[in-house]
Amino acid sequence: AELGSDVPFAMLGGTGLGLGPGEKLRGLPLSRTFRAMVVVPEWGVSTAEAFRQIDRNKNALTRWASNLRSAQRLERGPVVPERAIRLGNSFEDVLGSQRGRFLTLRDRMLAAGLESVRLSGSGSAVFGILPRRMQSRVVSGRLGMNETVFVVRSERAGMQFEVHP
């Protein structure tokens, strides 16, 4: 937890539901494997500021209770990746001056063929699911950008990835 709440996910591998601030994980089975592309843009997001904004807005965001109930329902059976991603990411609401850049990148990723595009964690990386038969190099070429692009594939534990320059 001292390093960051996403560290347990990386250490444990697989799919999990983060509890508390996120450092406690409950393992969840996936309904199927999937591939995703993670794009690391040139712009950045201050994690500390993002959390301050979340804390300021916590009581004003009505979807928190709804998202918590939906996340808890994920425990009832195998997780369908697209359904879990639809829960959203509250950090997308507190991007401040970077919101326009995020939306532009998201739209480019969707136009390139990625699905369920979302901000990863508090940002600034953005990910999208690769359709089953789509080649990652084709999508990467359509993006036409200089950012680093990672292709990841879900695994039973951990993940495999490749970097697209």
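Glu115 stands opposite Ile129 in β5. Welcome to a predicted model, where local features need pLDDT of at least 70, side-chain atom pairs count only at pLDDT 80 or more, and totals for chains, interfaces and linings use all residues. Residues are numbered from 1 along each chain as its sequence is written, and side-chain values use heavy atoms, with hydrogens and water left out.

**Overall layout**
- Six helices and seven strands make up the elements of the chain; helices (H or I, at least four residues) and strands (E, at least two) are DSSP runs, numbered from the N terminus.
- Their order from the N terminus is α-β-β-β-α-α-α-α-β-β-α-β-β.

**Surface and contacts**
- Of 165 residues, 35% count as buried, meaning under 20% relative accessible area with a 1.4 Å probe, protein chains only.
- The accessible surface comes to about 10,000 Å², by the Shrake-Rupley method with a 1.4 Å probe; carbon and sulfur atoms hold 51% of that surface.
- Among contacts (heavy atoms within 4.5 Å) with a separation of 6 or more, 62% join residues 24 or more positions apart.

**The hairpin**
- Strands β4 (residues 115-119) and β5 (residues 126-130) pair in the antiparallel sense over three bridges; pairing requires at least two DSSP bridges between two strands.
- Six residues lie between these strands, and in this hairpin Gly121 takes a positive phi near 60 degrees.

**Around Arg106**
- Arg106 sits in helix α5 (residues 99-111).
- Arg106 counts as partly exposed because its relative accessibility is 27%, between the 20% and 50% limits.
- Arg106 and Val117 are eleven residues apart in sequence, with 6.2 Å from C-alpha to C-alpha.
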